Amino acid sequence: MNVSLNWLNDHLDLSHMSLQEIDDLLTFAGVEVEGIQQKGVPSDKIVVAQIKSADQHPDADRLKVCMVDAGEGELRQIVCGAQNYSVGDHVPCALPGADLGEGFVIKEGKLRGVDSRGMLCGADEIGMVSEVDGLMILSQDLEIGKPLQEIFDTDTIIEVEVTPNRPDLLSHTGMARELAALAKLDLVGRAVASAPETDDASSAIKLSAPDSCPYYTAVKISGVTVGDSPAWLKTKLEAIGLRPINNVVDITNYALHELGHPLHAFDAAKVSGALDIRMAADGEVFKALDEEDYTLNAEDVVISDESGTKLALGGIMGGLDSGVTESTTDIILESAYFTPSKIRRSSRRLILSSDSSYRFERGSDPQQVLSSSSFAANLIVELAGGTIEGATAVAGEAPQLTGEVTLDVEKLDQLMGGSISLEDAEGILTRLGLDKLADNVWSVPSHRLDLGRHIDLVEEIARVHGLDNVPSRFTGNFAHESDVDIAYDYQMGVRNTLASIGFYETQTIKLIADSAPDATIAQMDTALPLRPLQDGDAIRVKLPLSEDHAVMRPSLTPGLVATAARNIRQGSKSLRFFEIGRQFRNAGGGKATDIESDSIALLMGGERRPATWSVKAGCQGQIDAFDVKAVLNHILPNKPIQLNPRERDGFIIAADIQCDGKPVGVFAQLSPSKCRELDADYPIYLVELDAKKCQQLSKGISQVDDLPQFPGSSRDAAMEAPIALPNANIEKVIKKHNEMLLQSSSCFDLFTDPTGEKMAADKKSITYSFHYRSAERTLKAKEVDQAHQKLLDHLAKTLPITFR
């Protein structure tokens, strides 16, 4: 709801409070402030100017070059595209430096080659309501050069979110009551209307639906003159975002936002006989003021006349044909109370909402029905003329929805922690409009429908007193990290690490397909469990909902492969996915109990990097097994990673992943046939890691070595080995040798000759580089040679290799 600060000042003096103080006061009392906006002319550099001449632009048919007097002693040239002005008119002129909002600052420049030193403005461009298309034409009486901020009022609009239990705040009077109670201010100038004289409405109103409309009133005003509203009324409505229509309709809208109770005015000439408040017939069609047709049912309330003509949809919106127009001379002013649940149901079903339904469905004040009608009727007579015809017709009885509530002083002190005295608590309730009776019994005003229990009163006291002033009786107790906490923190760290190097996290369903549904790739064929599956290891669902939800996943990789397939179909060129979650299997060939554990799964394939201006398409390179190993080093930093080949059914290559000599997971490359099923023309790699083992390896304090103080020395060695000898075997022998001077080793060249011309076809040449260094001294060449020769001898003795 939009609340005008100027409008609030009609009820209480807020001049001594800043906007931030008002914001804090409402927010900490439970009334959420969603925004604060300044209304009116935004800059003091927008002044009254007179157009002295307007010549055609030499290079634009729709532009004119105007000479403007802005009160500066000399004329200012401005190019303008508007068409609704004449020479001599007074218009708003934004001088250079004027900020029109949202970063739009007026500057001197050129338009189609002609200098323009400012901007002539329309009303909507300077924060005012536009009534014409083009410039805002000002009065000839205004002083040239005078800032418009000194002529037009500015306002501050506070947008608040009112909770459903506080319908009393859906008006400026209600908001003023709230601020007065919170800030200990006196209400001034409050709109008070005495209850009008009433009469039995049996001949004027037929109340056929008392369950939906328990209370209905109507008063006739004759001889009104429908026309424009006065400036003060237009200003108030425009400030909160409403468009002025005519004086009668504007008064009903003003009364709604002033008092919070919806009203509606009918053209009396379009009403035949008595009003009938009835339930609609199924299929009955109603044309509303928004010019839309709505099909009603028996749960909707309609206001009709004796002829059955539908005048309004009760509590929601008036009818198009019964509304007040310029030709209206007699009106019937409706004020009623509708049952909230009935209005809410109709509004939701018809998808039709209005300011009236918004208030009725939350609960309006039944005791305000007559006073709101009297307030609006008197204002209509004052502004539109006419006379009130007799007494107000009344049908039904206003429900009494509030009553008396007892304040339990002992519980109040207990809940408030002794932070407030009884006298201060009673003062708060009094400021909120409650009346104290005997024995701590309080009479709740009719507008506070939310106060019905003792605890409601305590909540109001705490809200106004300030929750910060209520002492806390509990402090947080220290709790050691549980194993679950530690595992969660580790997994979140892995997620952040993988996301930082370009991976996308997936979350897939824990049920997969046993065989290929709808001719798609069989999911069990892409499973990469930490241990190969035996017969009976897979846990099958006894009564699956569908074929693709038949097996509890023994691995996370089937979900990643399915994700990759969808992304490939969408045109993705690079695949980097991961998932951290549970996998399930039977232990011991199905004879033991089911087990489940956490895994970290990766899928990589496609382009190593996207094409950019610096990397041409086709030159990005494709992801390979060494990229996968680099990712493993990110997950297990500063740990030696080895891939030990091991055959896996359905994969072209596969390996066990070891870290520090301990098995932690498995690696595999999808077979070309499976890649073709996925429409992938590049290799796809899969990894599944045991999350618990990875977590254990990541424990402890990371060691940081000092920078080396002495230079090192490198030696290369080329060896000839059987083509089937895995490189992992060579790395194991090098590590087992445990040469103290050896700092690092790496394979940098591999050569094979399938033809057998340069080397036997069953042999390969591998070249390693070995780096030696001592932390204590600079090594001599002889020492390096001796250490290097020992390593070569150990390799030759242990492996079937020769050195070239």
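Asn 738 sits in the loop that joins helix H17 (727–737) to strand E37 (742–752). This is a predicted model, so let us take its features one at a time, starting with this residue. Most residues other than glycine have a negative phi. Asn 738 is not a glycine, yet its phi is positive, at about 60°. Its relative accessible area is 55%, and because exposed means over 50%, Asn 738 counts as exposed.

You will find Asp 439 in the loop between strand E24 (435–436) and strand E25 (441–443). With a relative accessible area of 69%, Asp 439 is exposed.

## A buried serine

Now turn to Ser 43, in the loop that runs between strand E2 (32–39) and strand E3 (46–56). The relative accessible area of Ser 43 is 7%, and because anything under 20% counts as buried, Ser 43 is a buried residue.

What does the side chain of Ser 43 reach? It comes to 3.1 Å from the backbone nitrogen of Lys 45. If you set aside the neighbours within four places in sequence, Ser 43 is in contact with Ala 98, Asp 99 and Gln 149.

## Helices H4 and H5

Two packed helices are described by the angle between their axes and the distance between the axes. For helix H4 (residues 231–239) and helix H5 (residues 247–259), the angle is about 55° and the axes are 10 Å apart. H4 and H5 are therefore oblique to each other, and their crossing is left-handed.

On the H4 side, the contact is made by Trp 232, Leu 233, Lys 236 and Leu 237, while H5 brings Asp 250, Ile 251, Asn 253 and Tyr 254.

## Helices H10 and H11

Another pair to find is helix H10 (residues 422–431) and helix H11 (residues 454–465), which pack at an angle of about 95° with their axes 9 Å apart. How is H10 oriented to H11? The angle makes H10 roughly perpendicular to H11.

From H10, the residues Ala 425, Ile 428, Leu 429 and Arg 431 meet Leu 457, Glu 460, Ile 461, Val 464 and His 465 of H11. The residues in this contact of H10 with H11 comprise six nonpolar, one polar and two charged.

Notes. Residues numbered from 1 in each chain as written. Predicted model: local features only at pLDDT ≥ 70, side-chain atom pairs only at ≥ 80, totals over all residues. Heavy atoms only, no water. Helix = DSSP H or I, 4+ residues; strand = E, 2+ residues; numbered from the N terminus. Buried < 20%, exposed > 50% of the residue type's maximum accessible area, 1.4 Å probe, protein only. Polar contact = N/O pair within 3.5 Å; in protein donor to acceptor, adjacent residues only side chain to side chain. Contact = heavy atoms within 4.5 Å. Axes fitted to C-alpha atoms, helices over the stretch in contact; angles between N-to-C directions. Parallel < 35°, antiparallel > 145°, perpendicular 65-115°, else oblique. Left-handed = near helix turned anticlockwise from the far one by under 90°. Nonpolar A, V, L, I, M, F, W, Y, C, P; charged D, E, K, R; others polar.
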